[in-house]
Amino acid sequence: MIHERETIEVELLLQAIHQLTGYDFRDYSRPSIMRRIHHRMKMNQMDSVSILQNEVFTNEEMLHQLLQDFSINVTEMFRNPLFFKYMREEILPLFKDLSEIRIWHAGCSTGEEAFSMAILFKEAGLLEKSKIYATDMNEEILKIAKEGKIPLSKMKNYTKNYQLSGGKQSFSQYYTTDEEYAYLQEELVKSISFMQHNLVTDQSFNEFHMILCRNVLIYFNIRLQNKVQKIFFDSLSTGGILGLGHRETLQFTDVCKFYETKSIKHQIYKKKEIRYDE
Amino acid sequence: MAKRKSSIRLKVTLGYIVIIVCVLLSSILILEKVTVLNSKRSDVTNRNLEVHQMINTVEQSIIQIEKKQNSYILTGEKRYINEYEEQRINVLNDLENLKNVVAKQSNEKILALDLEKSVNKWITLIVEPSLKIREEKSESAATTFLKQKVENAEIPNINRSINRLRQEQNTILNDDTENLEYTSVQLMWIFFILILSIMLVGLFVSNYVSKNITQAIQNVKNTIQNIRQKGGDLQERIDITSRDEVRDLTIETNQLLNQLEEKEWVQNNVNYIIYAYQGVNDIHTLADVILSEISQVIHAVHGVFYLREEDDKDVLYVKKGAFAENNLNIGRESFKLGEGLIGQVAKDGHMYKMAVSPESTHVISTSLIDTAPRTLLLMPVYFNRQVIAVLEFATLDTFEEKHIQLLNKVNETLGISIDSVKRTMHIESLLLDSNRLTEELQAQSEELQTQSEELQAQTNELSTMNDSLAMRTKEAEARTRELALANRDIETRAREIAQGAKYKSEFLANMSHELRTPLNSILLLSEMLTDQENSHLSDEEKEFAKVIHSSGQDLLELINDILDLSKIETGKVNIEFSDVNISELPKILKANFAHFAKQKDLTYHIEILGEIPKLFFTDELRLRQILKNFLSNAFKFTEQGKVEVRIQSAALITEEMQKVSDDWLEIAVEDTGIGIPKEKHSIIFESFHQVDGATVRKYGGTGLGLAISKEYAKLLSGFIQVESEEGIGSTFKLYLPNMRQCQENIDAVKGSLAVQPEEKANIFQGKKILMIDDDRRNIYSMRTLLESKGAIVTSGESGLECLQKLQYNTDYDAVLMDIMMPGMNGYEVIQIIREQMNLDLPIIAITAKAMEIDRDQCMKVGASDYISKPLNMEQLLSILRVWLTKEVKGK
């Protein structure tokens with residue numbers, strides 16, 4: 001009974017957020033959204049979703065806070081290093097002959113994976129003709145991303161990841177440090193265009209040779225996953241590459257049959273040569 | 001089979017007959033012609049022979065007559081007369097014969113008549129009279145008569161006629177021969193013409209017959225070819241143009257085509273239907289697709305799909321889809337096995353076709369009409385010898401044989417497909433669940449990570465808030481303090497002098513920096529010169545080098561002191577307060593100066609008096625520096641006696657002191673040295689001041705030690721007192737407050753000393769770094785750099801040394817390891833550290849060149865990171881900052 005009531009409350013809250021801000025979380029994975037809401041309620045000692053909703057209506061800051069809560073920003077450089085190793089060895093050579101390579105990193109968070117990709121392209125000698133677009137719906141997180149600075153405490157792990165991804169350079173050549181942060185080389189940061197883009201409400205904005213969207217779809221329900229996959233499909237050039245998170249899969253989506261699987265282990269797919277007409 | 005009126009056999013036979021008849025006719029014609037020719041030829045030959053014979057006979061007879069005449073005339077014998085008579089009749093007969101023979105030839109006839117006339121004339125005029133004369137007269141008379149009659153010359157006439165006759169006969173023969181020749185040629189021509197004609201007729205007939213046959217076959221062939229070229233379009237049929245066997249062939253072929261077309265129709269539609277539901281992996285979609293596709297093909301107006309489902313008790317056939325369902329929802333939702341027709345069909349497993357009475361209550365609705373179906377068809381679908389589904393169709397017409405065939409054909413694979421869809425759905429739902437779970441797990445783990453990061457952030461935020469609070473207090477206090485300081489400064493010195501001093505300090509700071517660099521080289525090189533075993537330098541030169549080295553060392557010390565002092569004066573010194581274990585202090589001080597005491601044979605004694613707090617909150621490094629200065633002065637200026645250190649809680653705490661802390665430490669260093677005159681007590685704490693010039697010359701030193709100490713003491717909120725009597729000894733006392741009790745006071749002090757607030761905590765401060773490189777210059781430059789950052793650097797020049805150092809003490813924050821070393825190389829050392837010593841401290845490999853193999857090798861043996869020579873100092877600092885920072889695990 002309580003559960004049912006709460007379901008309605010959450011529905012209303014999401015509706016409210018949508019109308020207030022334009023951010024649409026209604027097709028997000030409901031258990032995940034519930035956890036985020038509960039987390040916020042616990043932090044602010046609220047007893048029901050309705051109280052939170054009231055707060056959201058009356059307190060701009062709470063609305064903002066909740067939006068930040070909904071945006072999960074977990075990322076690493078060279079996250080799942082073997083994915084990047086595969087990219088380095090099997091995928092990048094495919095782009096060798098293109099005159100311009102456009103890459104879309106959707107849901108980039110603080111940009112670590114986009115920077116990793118930039119390093120990959122740099123080491124393959126392709127960075128100069130590459131355009132990396134990194135998007136996220138969270139503008140605040142994009143501000144951080146644009147600075148290209150990483151807390152020193154994370155760099156050991158990133159160094160290990162870099163090496164596991166088949167990196168042959170000295171990773172330290174890509175950053176300088178002060179007492180708190182490592183600052184990525186300006187060339188790397190400059191090679192990426194960070195832009196605000198919401199996968200739920202926005203459409204495709206270019207044609208790309210590669211789209212990376214890792215650990216974003218896990219927060220969506222199947223309907224939204226299908227919708228987003230359609231956007232990706234429409235944004236990929238023929239033979240373009242789609243890379244997903246290692247727990248995500250294309251298998252149950254509508255566009256599945258229009259891709260050939262490059263690596264099931266790393267969730268890397270290649271768009272087939274036929275057209276998708278429906 | 002239709003009766004045929006003309007067969008190919010007849011046509012061919014007729015053709016042959018025509019040709020044979022022609023040949024026969026022409027043969028007869030030619031044979032006849034040849035026979036005629038032959039008879040003509042023999043006629044001519046015979047007649048010619050006869051004529052000649054006749055002529056010869058006449059001639060002979062004439063000769064015989066003459067002979068008989070002459071014989072009679074000579075002999076007169078009667079016998080001759082008879083013979084003559086005989087001959088005469090002969091000749092007349094012969095002539096008659098001759099006439100008959102040549103009767104047809106007018107010329108010959110005339111000649112023969114002439115001959116007859118001549119002979120008759122000759123006989124009557126000459127022979128008869130001569131014979132009469134002989135009979136009547138004598139021989140001579142007859143002879144004479146004859147002689148008379150010679151000029152009558154009947155004989156030559158006869159001969160002439162005969163000859164002419166002969167000639168004429170020859171001419172005729174020639175003519176006849178020519179005629180024959182001509183006829184023979186003519187015959188040949190006729191023969192050729194006939195042959196030609198027969199050939200033509202033959203050609204015509206065969207052409208006609210073959211054309212007649214092949215045209216029909218061609219027709220069939222063309223049609224079949226057409227079908228083939230159109231890719232097996234079986235709609236075309238062969239036109240029946242002939243009435244022969246080809247017509248049979250055509251009819252049979254057309255029937256075959258009909259059959260094929262029907263089969264193809266079935267097959268195509270089956271394929272089409274199967275293709276339509278290919279890849280469908282949902283049973284409802286499958287049902288709808290099958291029903292709609294089949295209904296369209298067999299013109300059904302209704303279709304329902306029931307799928308077998310089992311629960312605990314019953315087997316049910318449940319409706320999964322319908323075609324042309326109206327709002328009444330055709331068909332019941334489910335049937336039990338054996339229940340109703342559906343149930344019955346499911347039970348029996350046979351297809352069931354049924355005509356529906358027109359009064360049937362069920363109606364088919366379109367937008368225009370409602371009408372009742374006429375035929376029903378129920379079809380069971382098998383899988384594994386079990387009726388897995390039942391399909392029902394209704395039509396307004398009737399189901400044709402091909403429709404049934406089609407259904408049977410579809411049925412062959414439908415069972416498998418339905419089962420596979422059922423299975424796929426099952427597997428897919430399981431997979432989907434598992435996939436959702438995996439994703440959910442990932443999402444949860446990321447959320448957890450976010451939460452932990454948030455917590456971390458909150459902690460950081462709290463500490464930042466603390467810091468900024470402290471900062472604010474600091475700033476406030478700083479202002480007060482500044483004021484106080486300024487006031488005190490006004491009392492003691494002029495502001496301008498202070499300013500000047502500051503300029504001086506800055507200048508010194510910069511200068512000493514500049515000086516250190518070349519000095520480092522001098523030190524390094526001079527040390528190398530003295531150290532080299534097999535050097536070509538003489539002992540004296542080595543001694544010089546030693547002097548250079550020690551002078552350099554002094555100079556460096558001086559510069560360092562100047563730098564320290566200028567740093568203090570410009571407020572660039574970092575003070576790190578921490579818990580210091582005071583009870584450890586004696587041990588450290590003892591170890592550092594015991595050898596000086598031994599050298600000068602002095603008593604060196606350190607003691608702790610009374611109770612002191614075990615942990616004392618202050619800056620250990622500065623404390624030690626101050627005490628080091630005190631002690632080195634003490635040992636420097638003491639030639640005999642003792643040096644004593646006493647550590648105790650301060651006996652007397654003034655009010656002013658109490659403002660800072662309740663807890664004060666007093667450390668006294670007493671010596672029995674040369675002492676300091678009273679009037680000089682204040683100046684020894686000023687920069688570059690020793691008691692007098694002579695002291696400098698005698699004892700060396702920079703005279704900066706006490707000035708620095710005083711400043712340090714000030715930084716630690718403490719102060720220094722001196723008690724000394726010239727010639728007896730000196731006692732330097734350091735008073736330090738325990739800063740724990742008054743955190744804000746520290747900040748106040750810090751603030752007062754203008755510690756730059758934006759300066760972050762120094763990562764290198766106090767970090768222990770082990771550095772292994774066989775090249776001393778590298779060690780030297782790195783050591784200088786790192787020590788300037790506050791790191792504690794231990795170095796070794798070989799792998800072995802490294803291992804020894806690690807065996808003795810593993811407490812290092814990072815190891816810098818050169819790879820290219822003689823003896824044991826870096827790889828081996830790292831491998832031993834990792835595998836045998838089992839240490840996981842960060843090891844940063846220094847590879848000689850930017851070579852990939854080197855790096856792979858480094859990673860393989862367990863280096864944490866690598867950096868390439870030539871070393872970029874900024875990069876070295878960066879990489880060390882990363883590895884000296886405590887890791888916050890992402891996962």
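User: Is A:T159 buried or exposed, and why?
Analyst: Let's count neighbours in this predicted model. A residue is buried if 20 or more other C-beta atoms lie within 10 Å of its own. A:T159 has 25 C-beta neighbours inside 10 Å, so A:T159 counts as buried.

User: Which helix holds A:T159?
Analyst: Good thing to look up next! The helix that runs over residues 152-164 of chain A includes A:T159. That element is helix 8 of chain A.

User: How far apart in space are A:T159 and A:F171, C-alpha to C-alpha?
Analyst: Along the sequence, twelve residues separate A:T159 from A:F171. A:F171 is also a contact of A:T159. In space, their C-alpha to C-alpha distance is 6.3 Å.

User: Leaving aside neighbours within four places in sequence, which residues of chain B is A:T159 in contact with?
Analyst: Once those neighbours are set aside, the contacts of A:T159 include A:F171 from its own chain.

User: Which element gives the largest share of the side of chain B that touches chain A?
Analyst: Start with the whole contact: 36 residues of chain B meet 37 residues of chain A. On the chain B side, the elements that give two or more residues are helix 9 (401-492), helix 21 (852-861), strand 20 (865-868) and helix 22 (873-884). The largest share is twelve residues, and it comes from helix 9 of chain B.

User: Are helix 19 and helix 20 of chain B roughly parallel or roughly antiparallel?
Analyst: Helix 19 (residues 799-808) and helix 20 (residues 826-836) of chain B have axes 9 Å apart, at an angle of about 20°. Angles under 35 degrees count as roughly parallel. Therefore helix 19 and helix 20 of chain B are roughly parallel.

User: Which residues of helix 20 of chain B meet helix 19 of chain B?
Analyst: From helix 19 of chain B come B:G799, B:C802, B:L803 and B:L806. The residues of this contact divide into six nonpolar, two polar and one charged. On the helix 20 side, the residues are B:G826, B:E828, B:V829, B:I832 and B:I833.

User: How many strands does chain B have?
Analyst: Let's step back to the whole chain. Chain B has 891 residues, and 28% of them are buried. Its elements include 22 helices, and the number of strands is 20.

How values were computed. Residues numbered from 1 in each chain as written. Chains lettered and ligands numbered in written order. Predicted model: local features only at pLDDT ≥ 70, side-chain atom pairs only at ≥ 80, totals over all residues. Axes fitted to C-alpha atoms, helices over the stretch in contact; angles between N-to-C directions. Helix = DSSP H or I, 4+ residues; strand = E, 2+ residues; numbered from the N terminus. Parallel < 35°, antiparallel > 145°, perpendicular 65-115°, else oblique. Contact = placed C-beta atoms within 7 Å. Nonpolar A, V, L, I, M, F, W, Y, C, P; charged D, E, K, R; others polar. Buried ≥ 20, exposed ≤ 12 C-beta atoms within 10 Å, placed from the backbone.
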